[in-house]
Amino acid sequence: MRARDKDSGVPSASLWTAYEAAAATGGALCIRPEKGAADADGGWPAEEWAATGISIDTRAINKGDIFVALKAARDGHDFLSAAFENGASAALVSRIADAAPADAPMLVVPDVDAGLRDLAIAARRRNFGRRVAITGSAGKTSTKEMMRVLLSGFGATHAPDKSLNNHIGVPLTLARMPMETDFGVFEIGMNHAGEITPLTRLVRPHIAVITTVGEAHLENFENVQGIARAKAEIMLGLAPGGVAILPIDNEHFDFLVERAREAGVERIVTFGENARADVRLLEYGTDGVTGRAAAFAGGQRLQFDIGAPGKHHAMNAMTALGAAIEFGLPVKEAAARLGRFGAGGGRGAQLRIEFADGRRVTALDESYNANPASARAAIALLGAMARLAAAEGKAGRKLVVLGDMLELGPDAPALHAGLVDSLVAAGVDKVYSAGALAKCLVDAAPAEMRGVAAPDVDALIKNLMPSLRDGDIVMVKGSNASKVARVIDALVAANVAPAPQGASPDAARPPARRSV
Ligand SMILES: Nc1ncnc2c1ncn2[C@@H]1O[C@H](COP(=O)(O)OP(=O)(O)OP(=O)(O)O)[C@@H](O)[C@H]1O
Ligand SMILES: [Mg+2]
């Protein structure tokens with residue numbers, strides 16, 4: 001019996017033995033011998049090895065990992081020596097590169113990307129657990145984390161530790177799934193139509209979740225219905241008898257149901273505030289730090305905490321409850337675990353900043369990514385937090401700092417300006433912007449609400465910092481590539497208090513990445 005990791009319960013013994021990996025990929029096991037030391041029949045000697053993990057990045061490799069030499073911006077074959085220096089137990093390669101240290105165990109396959117997918121498929125086939133796959137225009141990673149904290153209370157749960165949702169991230173997450181996993185949680189993203197289908201077919205989920213459909217990546221689509229169609233692809237990979245969990249409040253819900261029928265989905269579970277929802281959010285409140293929700297699910301009324309504020313997280317929680325019910329888990333116990341969820345860095349983490357001159361402000365860090373749907377959610381959260389502060393007699397303004405939201409296509413200026421309704425509804429006091437698109441929001445705002453529309457983030461920081469007042473709450477959002485996250489860095493750097501109170505350990509922001 002393989003040893004088990006004390007936290008997740010997943011075995012910590014080998015993930016792949018050499019022969020299992022060779023059988024899965026059809027690859028050749030070999031080592032690069034010292035110059036001229038070929039064995040008797042001219043082949044290169046093979047060697048038994050066992051790997052405890054898989055890595056595609058020599059900088060993040062763990063001892064015992066298989067290093068997968070992918071060709072992306074750079075060719076992983078050129079980093080083989082670094083991979084083995086950093087503890088790789090073997091490398092999945094398509095050629096014996098000179099950079100390979102002598103005696104380094106390698107598994108040679110015709111195509112490394114295909115080799116990784118083959119490992120992913122083998123990992124799925126040898127596992128008898130249940131799998132849930134999550135997509136949506138916003139909330140995929142947050143929902144994945146909620147599913148992790150919920151399901152790990154009922155069995156060995158495997159989920160990616162970052163937003164690994166593309167053609168590399170999904171097979172990598174699957175290939176890393178230990179054989180004894182009870183619940184596998186997968187995030188599936190896309191920038192273009194057709195990208196989700198091969199990924200969901202790789203995962204073969206028992207449950208497919210669509211968190212929401214909005215304007216994310218609109219520049220690659222004719223309209224938002226095109227995005228709904230692309231998101232609906234997730235149902236094309238469902239395992240026989242698979243379940244779709246769909247957002248009933250979303251304007252594209254009926255279209256998603258049609259796509260589900262088309263895909264042969266027999267069971268659809270709906271979530272939302274609509275009275276017809278199977279998993280229904282009845283009430284929602286927050287104390288600014290956690291959410292408090294009442295829901296009707298699995299034939300019972302539930303009341304539970306969610307470890308991060310924001311009605312959008314209560315909606316994400318409805319999908320997690322829906323999955324728990326479909327997996328036959330006790331829904332009350334499942335709901336009780338949602339208090340363990342925490343808002344990740346750049347995804348709603350709250351930082352309390354104290355300036356040297358004594359001013360104290362709260363930053364709501366939403367700088368990881370942005371699209372109109374997630375921006376509206378974050379602005380609503382700012383409004384809720386400020387109402388609470390006001391109820392506690394704390395004065396303070398509500399400030400929004402927006403960086404450009406990218407990949408929205410020709411409607412981008414209107415989509416930025418369109419957020420003005422959310423600003424007014426939340427009672428925002430001042431809106432600041434960095435970049436040409438975000439400026440459209442400042443221009444659309446009522447005169448008294450207009451802050452500085454800066455050409456770039458540095459100019460914005462120069463203007464914003466001295467204008468902040470004691471008690472202000474400042475919500476920072478923008479696409480990753482807008483670099484608006486640097487406003488948070490500037491606030492943290494200006495903080496004189498021991499550490500930005502409220503900064504949870506995982507508040508550290510994930511590394512910047514390309515898509516919105
Ligand atoms: N259900 C939701 N509806 C709208 N906005 C949401 C929802 N859940 C989270 N958000 C907002 O979206 C932001 C990003 O959340 P998250 O990282 O979970 O999304 P994602 O879909 O994984 O994004 P990406 O496509 O970049 O991987 C959060 O900071 C929050 O502001
Ligand atoms: Mg994500």
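Visitor: Which protein donors does the magnesium ion (ligand 2) have?

Guide: Keep in mind that this is a predicted model. The donor atoms lie 2.0 to 2.2 Å from the magnesium ion (ligand 2), and along the chain they follow the spacing T-x21-S-x23-E. In that order, they are Thr 141 (OG1), Ser 163 (OG) and Glu 187 (OE).

Visitor: Moving on to Asp 305, which side chain does its side chain make a polar contact with?

Guide: Asp 305 lies in strand β16 (residues 300-306) and is partly exposed, with a relative accessible area of 37%. Leaving aside neighbours within four places in sequence, Asp 305 is in contact with Gly 291, Arg 292, Ala 335, Leu 338 and Gly 339. The polar contact between side chains, at 2.8 Å, is with Arg 292.

Visitor: How far apart in space are Asp 305 and Ala 386?

Guide: Along the sequence, Asp 305 and Ala 386 are 81 residues apart. In space, going C-alpha to C-alpha, the distance is 20 Å.

Visitor: What about helices α15 and α16: at what angle do they pack?

Guide: Two packed helices are described by the angle between their axes and the distance between the axes. Here α15 (residues 457-467) and α16 (residues 485-494) have axes 10 Å apart, and the angle is about 40°. That makes α15 oblique to α16. The crossing is right-handed, and the angle to note down is about 40°.

Visitor: Which residues of α16 make the contact with α15?

Guide: From α15, the contact involves Val 457, Asp 458, Leu 460, Ile 461, Leu 464 and Met 465. In α16, the buried residues include Val 487, Ala 490 and Leu 491, and what covers the buried residues of α16 includes β17 (349-354), β22 (473-477) and α15. On the α16 side, the contact is made by Arg 486, Val 487, Ala 490, Leu 491 and Ala 494.

Note on methods
Residues are numbered from 1 along each chain as its sequence is written. Chains are lettered from A and ligands numbered from 1 in the order in which they are written. This is a predicted model: local features need pLDDT of at least 70, side-chain atom pairs count only at pLDDT 80 or more; totals for chains, interfaces and linings use all residues. Side-chain values use heavy atoms; hydrogens and water are left out. Donors are N, O and S atoms within 2.8 Å of the metal (3.2 Å for Na, K and Ca); water is not among the atoms, so sites may look incomplete. Helices (H or I, at least four residues) and strands (E, at least two) are DSSP runs, numbered from the N terminus. Buried means under 20% relative accessible area, exposed over 50%, partly exposed in between (1.4 Å probe, protein chains only). Contact means heavy atoms within 4.5 Å. A polar contact is a pair of N or O atoms within 3.5 Å; within protein, one must be able to donate a hydrogen and the other to accept it, and residues adjacent in sequence count only if both atoms are side-chain atoms. Axes are lines fitted to C-alpha atoms, for helices over the stretch in contact, and angles run from 0 to 180 degrees between N-to-C directions. Angles under 35 degrees count as roughly parallel, over 145 as roughly antiparallel, 65 to 115 as roughly perpendicular and the rest as oblique. A crossing is left-handed if the near helix is turned anticlockwise from the far one by less than a right angle, and right-handed if clockwise.
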